[in-house]
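Thanks for taking a look at this one with me.

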Amino acid sequence: MRAADFQVSQVLVAIYQEKGSGYRFRGERHAGIYEIFCLDRGRAYVRCDGRRFLASPGDCILYPPGAFHQHQATKGHAPHYLTVAFTARGGKMLLPLCGRRFVLPPALRTLLARAVAESPEPVFRSSGPHRLRRRAPVFPRGSAVAAEAM
């Protein structure tokens with residue numbers, strides 16, 4: 001399969017979340033939807049279909065469609081992270097990254113920050129459950145990714 005065969009069909013949500021040091025997300029799964037979790041600040045334990053990772057700033061995990069995923073703060077660290085959920089055509093290109101921890105190189109982190117900040121679709125920021133509000137840019141001033149986008 002060629003890279004040209006892969007296409008993001010639709011970005012369903014892009015949300016930057018700032019959680020407290022006691023944060024715990026019990027988990028979910030999505031049929032037909034990819035989700036990428038990118039940690040900006042803090043530390044978090046992340047599970048994807050039973051595999052556990054310790055995520056540090058700059059780490060990302062791509063959840064494939066149907067994968068059960070959950071995350072929680074490590075003791076004393078408040079995680080701040082970006083979640084992007086999307087549908088894609090030619091998703092076999094993503095299989096090597098699915099359910100694995102990887103680090104985005106600085107240039108790709110900058111590109112992601114700019115793409116989300118410039119998106120014509122709504123981008124939200126959340127600090128608590130179900131409290132969404134529109135915000136631009138997606139990465140708050142002072143965050144590691146925002147600094148790279150400058």
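**Notes on the model**

1. Let me start at a turn: the hairpin of S4 and S5 has 2 residues between its strands, and Asp 49 there takes a positive phi near 50°. Asp 49 sits in the loop between S4 and S5, and its positive phi occurs in a residue other than glycine. As background, most residues other than glycine have a negative phi.

2. A word on the basis of all this. The model is predicted, so local features need pLDDT of at least 70 and side-chain atom pairs count only at pLDDT 80 or more, whereas totals for chains, interfaces and linings use all residues. Residues are numbered from 1 along each chain as its sequence is written, and side-chain values use heavy atoms, with hydrogens and water left out.

3. The overall layout comes to 2 helices and 11 strands (DSSP runs numbered from the N terminus: H or I of at least four residues for helices, E of at least two for strands). Along the sequence the order is β-β-β-β-β-β-β-β-β-α-β-β-α. Of contacts with a separation of 6 or more, 75% are between residues 24 or more positions apart (contact means heavy atoms within 4.5 Å).

4. Strand S4 (residues 44-48) and strand S5 (residues 51-55) pair in the antiparallel sense over 5 bridges (pairing requires at least two DSSP bridges between two strands). Tyr 45 has Leu 54 as its bridge partner in S5.

5. Ala 44, also in strand S4, is buried at a relative accessible area of 2% (buried is under 20%, exposed over 50%, partly exposed in between, with a 1.4 Å probe and protein chains only). Beyond residues up to four places away in sequence, Ala 44 touches several others, including Phe 37, Leu 39, Phe 53, Gln 72 and Pro 79.

6. Which residues form the salt bridge? The search of the whole structure finds 1, and it joins Asp 59 to Arg 101, with the closest N and O atoms 3.3 Å apart (the criterion is a side-chain nitrogen of Lys or Arg within 4 Å of a carboxyl oxygen of Asp or Glu). Asp 59 lies in strand S6 (residues 59-63) and Arg 101 in strand S9 (residues 101-103), so the pair ties together parts that are 42 residues apart in sequence. Asp 59 is buried, at 5% relative accessible area, while Arg 101 is partly exposed at 41%.

7. Gln 70, in strand S7 (residues 69-73), is worth a look. A polar atom of its side chain lies 2.9 Å from the backbone oxygen of Arg 26. Leaving out residues up to four places away in sequence, Gln 70 touches Phe 25, Arg 26, Gly 27, Tyr 45, Val 46 and Arg 47.

8. Across the protein, buried residues make up 43% of the 150.

Note on methods: Polar contact = N/O pair within 3.5 Å; in protein donor to acceptor, adjacent residues only side chain to side chain.
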